[in-house]
Amino acid sequence: MISNKMSEIMKSGSAIRAMFEEGKKLAKKYGKENVFDFSLGNPNVPAPKAVGEAIAQIAREIDPVALHGYMLNSGFESTRKAIADDLNERYQTSFGYSNIIMTVGAAGGLNVALKAVINEGDEVIVFAPYFGEYNNYVANAGGKVVVIPPVPPTFQPDLQALESALNEKTKAVIINSPNNPTGVIYGEEVLTKLGRILTDGSKKKGEAIYLISDEPYRELVYDCKSAPFVTKYYDNTIVGYSYSKSLSLPGERIGYLAIPNEAEDCDNLLAACSVATRILGFVNAPSLQQLVIERCVKQPVDASPYDRNRKLLLNALREYGFECVQPEGAFYLFVKCPIAEEEFVAKAKSHNILIVGGKSFACEGYVRIAYCVSYDTIERSLPHFKALAKETVAK
Ligand code: PLP
């Protein structure tokens, strides 16, 4: 018999995964080309050619014993140095290889960071809407999620509410910019204020409140926007990065944590993350992919296919009368439901459109449309969205 905890988790399930499964069923029934699956954030842009070339070159050239063997839990020093140097060049930071820990994607990195800092019962603050898996990650570490309600229509973090929520049990705050599911970016002003609040909160508490910055969409930005690098605004920041979205490698499970020297208890924190990587059972991030990243660290990220999709979908949905949050990054469109959320998601499904309800992101009354699909899929879906609008949007 499975554990009670797992039983609970399986009952609540993942609406995103459930919708993805539903899509496969509908595709069997109606044909793949007649189903418009916007449920999953699975990049449709292929990984850059350089990735495949690096894999072939590494397989040919690197001693297989070194390539496939056990290594330091934190990863290859050469890979970590390449990442540190690249970050320093791009963001004028001063990371060394020892500030970087290779992780099994963003999910692995967040679990490692939380495991390293959370005591049983500690609180972790998140801003709704947020990636629902944080609930599981925080629970894995024995923490308790505290949700700050969303602020429509900007969906910027409610910093006053954050100030009120801080207490002696607060151990960490998670932010995600560019954001899944809204696509908004937290700008300099917001991060400066956030940094100040957390500095004051840490002083009051007498120990660091860590800011965990989950950044798998860092380079997926539009309209010449950029996502500020968070360590500049708050010393006690743990940056979690992933190549799942930027290099389209979600199945390869590769990312890193970056922790600056200025973070409180930095050496211990880095050592704890390294141990957490081992005791969580990952042991180390995949060795081949680490070496791929080392060779592809300067690979430009091409957000233009997503930008094209974004413009097409956003303009069309607004024209049909839907209220959409302006996405500045990532590849999601967050749309206000013109009718009750569950009914709207069901009606969309009856038009063979698969989208995820805002409830999954602690923000009821909205839906998330993942536009990391082909341009053609979006074009063909538009008459279906128009029909959905006719049925649901009030005149
Ligand atoms: N964080 C956010 C905000 C995400 O959207 C995702 C994946 O969709 C993850 C973390 C997990 O990313 P990874 O596949 O790198 O574990």
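This report covers the nonpolar core, the aromatic pairs and the cavities of a predicted model.

## Basis

In this predicted model, local features need pLDDT of at least 70 and side-chain atom pairs count only at pLDDT 80 or more, while totals for chains, interfaces and linings use all residues. Residues are numbered from 1 along each chain as its sequence is written, and side-chain values use heavy atoms, with hydrogens and water left out.

## Nonpolar core

A nonpolar core is a set of buried Ala, Val, Leu, Ile, Met, Phe, Trp, Tyr and Cys residues joined through side-chain atoms within 4.5 Å; buried means under 20% relative accessible area (1.4 Å probe, protein chains only). The largest such core has 43 residues, and L317, F322 and F385 have the most contacts inside it. Elements that each supply at least two residues of this core include α2 (15-30), α13 (304-319), β9 (332-336) and α15 (375-392). Helix α13 gives the largest share, six residues. Helices (H or I, at least four residues) and strands (E, at least two) are DSSP runs, numbered from the N terminus.

Leaving aside residues up to four places away in sequence, F385 touches F38, L313, L317, Y320, F322, I353 and I369 (contact means heavy atoms within 4.5 Å).

## Aromatic pairs

There are 17 aromatic pairs in the structure. Rings of Phe, Tyr and Trp (its six-membered ring) pair if their centres lie within 6.5 Å, and planes over 60 degrees apart count as edge-to-face. F155 and F334 form an edge-to-face pair, 5.6 Å centre to centre with 80 degrees between the planes. F155 lies in the loop between β4 (144-148) and α8 (159-165) and F334 in strand β9, so this pair ties together parts that are 179 residues apart in sequence. F155 is buried at 3% relative accessibility, and F334 is buried at 0%.

F155 also forms an edge-to-face pair with Y366, at 5.3 Å centre to centre and 90 degrees between the planes. Y366 lies in strand β12, so the pair ties together parts that are 211 residues apart in sequence.

## Cavities

On a 1 Å grid over the protein atoms alone, a cavity is a set of points where a 1.4 Å probe fits but cannot get out; lining residues have an atom within 4 Å of a point. The structure holds two cavities of 30 Å³ or more. The largest has a volume of about 70 Å³, and its lining includes E215 and R218.

The second largest cavity has a volume of about 60 Å³.

Technical notes
1 Å grid on protein atoms, 1.4 Å probe; cavity = no way out; pocket = protein on both sides within 12 Å on 5 of 7 lines; lining within 4 Å. Points joined across faces, edges and corners; volume = space filled by probe spheres on them. Buried < 20%, exposed > 50% of the residue type's maximum accessible area, 1.4 Å probe, protein only. Phe/Tyr/Trp six-rings, centres within 6.5 Å; stacked < 30°, edge-to-face > 60°.
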